[in-house]
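Trainee: Could you walk me through how to read the contacts between parts of a protein model?
Mentor: Gladly; let's have the structure in view.

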There are 2 protein chains.
Amino acid sequence: MSIYIDPAVAASLRGFEMPEKLGFGTVMAPVMFRAVCQDGCWSQGELVPYAPLALDPAAKVLHYAQSCFEGMKAYRTQAGGVSLFRPERNAARMAHSAARLCMPPVPEALFMDGVRTVTAYCANLVPATSGESLYLRPFLFGTQADLSVSASTSYEFYVIASPSEAYHAGNMRLWVEREDSRAALGGTGDAKVGGNYAASLRSVARLKERGYDQSLWLNPGNRNTVDELSGMNFFAVINGELHTPALSGSILEGVTRDSLIDLARDMGYTVHERAIDIDELLGQVAEGSCDEAFACGTAAIVSPISLFGDGGREYPLAKAPGPVAERLRQMLLDIQEGRAEDKFGWMHPVEVVSID
Amino acid sequence: MSIYIDPAVAASLRGFEMPEKLGFGTVMAPVMFRAVCQDGCWSQGELVPYAPLALDPAAKVLHYAQSCFEGMKAYRTQAGGVSLFRPERNAARMAHSAARLCMPPVPEALFMDGVRTVTAYCANLVPATSGESLYLRPFLFGTQADLSVSASTSYEFYVIASPSEAYHAGNMRLWVEREDSRAALGGTGDAKVGGNYAASLRSVARLKERGYDQSLWLNPGNRNTVDELSGMNFFAVINGELHTPALSGSILEGVTRDSLIDLARDMGYTVHERAIDIDELLGQVAEGSCDEAFACGTAAIVSPISLFGDGGREYPLAKAPGPVAERLRQMLLDIQEGRAEDKFGWMHPVEVVSID
């Protein structure tokens, strides 16, 4: 690929040194993709050096949280190339999130241009160790400087990237959250918007004091069926079959969730998408018919759950990590890293741009 | 008051020309107050020229909506001075909102320093026409550049100001919102945080297409009792007595709401804070025992409601604007603008700084 490369972009890329310790989402790639929208008209996108944004103090995003984002990964494949995983799903979900908050959708072509361009230029920053990746964060927010509560007339869209280690959640101890909610019935739970995450922080702070790792959120309407974790979907293995909450309107439709359902069925598992009553589930854990549970998401891929805490009682899972979670995680990673055939057409190879 | 004035601040203030048309929250004062917090330690605040903020693209506020704000006003009084209205209530509410999102509270002294300093330096920008004011917007947000979902380790606090006209909502046509929610049970409805406002935009967009002005939000738990409007509290006059929803956990505790309750009782009205069943209320409107309803908030003070729309039916109020709303509005404004005795000790005079 022989194209004109902006000197400032080239200088940023050349000057970047990969730190030894990556962590997750803390090391930022030295370039980013940027496009702006004014009164519904989108600019072309451009790759620019990673730098602070200049934001008017009255910008809508700072006051009314008019913002949404995506999380996705570029993987280094067995063959040495770099591939994105189902990016069109993220583009579609971001359009859905934007609509929920009355923001203009980022056109799919612009979204794809953004994630492809950042990946192409940052190909050298995609770690080669299995489970590591270039985490991509597309995000959109309202910038109009106006204190009235109304949708912004101007927006900015960015794609930033972070070379990241595997996100090791470990064997998670979950707290069944019966007080707080992350989203309302008729709220924003099925959109990837900042307010859901802000609302979740207090629950997580409280449960960490009690020795737990993550909240298990219940449906805000019935407060009795399982919705999801903060940023991860939920699966339970009951009598050898997979059960995951059906999309309820307050659950984010995870790309990993959707992929695991397809993958598990292809591997011969029976998968049920249904309302999962939390008390029934805890009973099944106690009696042993549910012996395994796990969460999934882009960052952690598949994370085993070791235990549920609810009120004063604890419900340990017999198997953590369990064999089903392990098999699914490995199979998904084998596809993402090019060791297994991409039979679902999920991988999206990116033509690399080299900066010498 | 003879103090050192930063030359850049003085130049910004001298260079500012007040436009003829103010609007609400669109003209920004040329200076702002700023303080930063790192790992729980607050800097001193400083007055600086109004200018774009430099924000890392990975700042928590842009992704996870970790932000809260306040709305309050400085009034020009009959005697020519400038006064804030119950600023300590806004300081306390902002501390409550911050805690809900795991942010460090802005210390009350720093908050008061911020609103007092901006008011003192912008005294010339406080409009003299009754109903007009200097609208103050304190806000706090997380700035740490890190993509993990966790509370920020660093924050910025600002007070910006906007010389504003009276916010004329007119006689509002309300839509009873039975689908969307602005906040969840166990959510953030009683905190002044961005996510509530972002979640409300879609409902308002839909109802405007149907010829309405504002959503009337119901309690997200029972979905049958009245909570509030977006950013305004609700009152109904039933058989000559005032009724307002009791604080339910998903209602923002409005400073104007609280003041009107005190004022109305002092003026001899009976005021009930209780759960208001929406169907019962609509029935009372239809039969005429509820002949008046209004919303209240810092921006609009008191705004009459002319009609409720619910499903296919409309329920017009007999009196809009009604005499109770008119009396309360005038009495509150008389106190705020120094024409009536401040018998509750609500007004907080600010010593003006003059820039020559």
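Trainee: Which side chain meets that of A:D258 in a salt bridge?
Mentor: Before the case, the ground rules: this is a predicted model, where local features need pLDDT of at least 70 and side-chain atom pairs count only at pLDDT 80 or more, while totals for chains, interfaces and linings use all residues. Residues are numbered from 1 along each chain as its sequence is written, chains are lettered from A and ligands numbered from 1 in the order in which they are written, and side-chain values use heavy atoms, leaving out hydrogens and water. A salt bridge is a side-chain nitrogen of Lys or Arg within 4 Å of a carboxyl oxygen of Asp or Glu. Here the partner of A:D258 is A:R86, at 3.1 Å, N to O.

Trainee: Into which domains is chain A divided?
Mentor: Domain bounds come from an automatic or database domain assignment. For chain A they give domain 1 (7-166) and domain 2 (172-321), with C-alpha centres 27 Å apart.

Trainee: How many residues of each domain of chain A are in contact?
Mentor: Contact means heavy atoms within 4.5 Å. On that basis, 18 residues of domain 1 of chain A touch 18 of domain 2 of chain A. Three salt bridges are counted between these two domains.

Trainee: What area is buried between the two domains of chain A?
Mentor: Buried area is the accessible area (1.4 Å probe) that two parts lose on being put together, summed over both. Between domain 1 and domain 2 of chain A, the value is about 1600 Å², with 56% from carbon and sulfur atoms.

Trainee: And between the chains, what are the buried area and the contact count?
Mentor: Chain A and chain B bury about 4400 Å², 67% of it given by carbon and sulfur atoms. In this interface, 53 residues of chain A are in contact with 53 residues of chain B.

Trainee: How many salt bridges are there between chain A and chain B?
Mentor: The count is two. B:R100 and A:D180 meet through their side chains in a salt bridge, at 3.7 Å, N to O.

Trainee: How do β4(A) and β4(B) pair?
Mentor: Strands (E, at least two residues) are DSSP runs, numbered from the N terminus, and two strands pair if DSSP finds at least two bridges between them. Strand β4(A) and strand β4 (residues 53-55) of chain B pair in the antiparallel sense over three bridges. Within that pairing, A:L53 has B:L55 as its bridge partner.

Key. Helices (H or I, at least four residues) and strands (E, at least two) are DSSP runs, numbered from the N terminus.
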